[in-house]
Amino acid sequence: DIAAEMGHEKTQIDTQRNMGRLLIRQGRWVDAQEHLEQAVRIARTQDMPFMLGQALRSQACLMSHPDYKGGLSESARLAQAKACFDEALQLFEQATDMLQLLRTLEEYAAHLERQGDSAGATRLQGRVERLSKRVG
């Protein structure tokens, strides 16, 4: 709230995203969703692609969590997770942020593995390995 009052959007986005991640770990799905949606909304309205990518990755992790239902059918929830992962990847590729790209690819691969898509997970892990070699 203080960050919002002072106009520190980056701090506000980080706070909302980190709270969302913490709430995911605690299994507080509704609260996590609210914080992550807020982070995404602020990042979109402030045109902060890097922050948006991080928020979308976190939102994808919520959507792909096996215990999260979110009032959606499983197929709708997983489609939303995929859309968030895909958009985050695109943002990090455009920004050429290799560290965030690697993190997103790793989490996306874990998501695909949980869904039984071993081929997709292996493909993404291959990208992780190639990028890791380039990054050092």
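The model is predicted. It holds three aromatic pairs, and two of them are described below.

**Aromatic pair Trp-29 and Tyr-68**
- The ring centres of Trp-29 and Tyr-68 lie 6.1 Å apart.
- Their planes meet at 65°. Planes over 60 degrees apart count as edge-to-face, so the pair is edge-to-face.
- Tyr-68 has 1% relative accessibility, so Tyr-68 counts as buried.

**Aromatic pair Phe-85 and Tyr-108**
- The rings of Phe-85 and Tyr-108 have centres 4.6 Å apart.
- Their planes stand at 10°. The cut-off for stacked is under 30 degrees, so this pair is stacked.
- Phe-85 lies in helix α5, and Tyr-108 lies in helix α6.
- The two residues are 23 residues apart, and their pair links distant parts of the chain.
- Both Phe-85 and Tyr-108 are buried.

**Gln-100**
- Gln-100 is part of helix α6, which spans residues 98–114.
- Its relative accessibility is 5%. Buried means under 20%, so Gln-100 counts as buried.
- Leaving aside residues up to four places away in sequence, Gln-100 touches Phe-50, Gln-54, Arg-57 and Phe-92.

Technical notes: Residues are numbered from 1 along each chain as its sequence is written. This is a predicted model: local features need pLDDT of at least 70, side-chain atom pairs count only at pLDDT 80 or more; totals for chains, interfaces and linings use all residues. Side-chain values use heavy atoms; hydrogens and water are left out. Helices (H or I, at least four residues) and strands (E, at least two) are DSSP runs, numbered from the N terminus. Buried means under 20% relative accessible area, exposed over 50%, partly exposed in between (1.4 Å probe, protein chains only). Contact means heavy atoms within 4.5 Å. Rings of Phe, Tyr and Trp (its six-membered ring) pair if their centres lie within 6.5 Å; planes under 30 degrees apart count as stacked, over 60 as edge-to-face and the rest as tilted.
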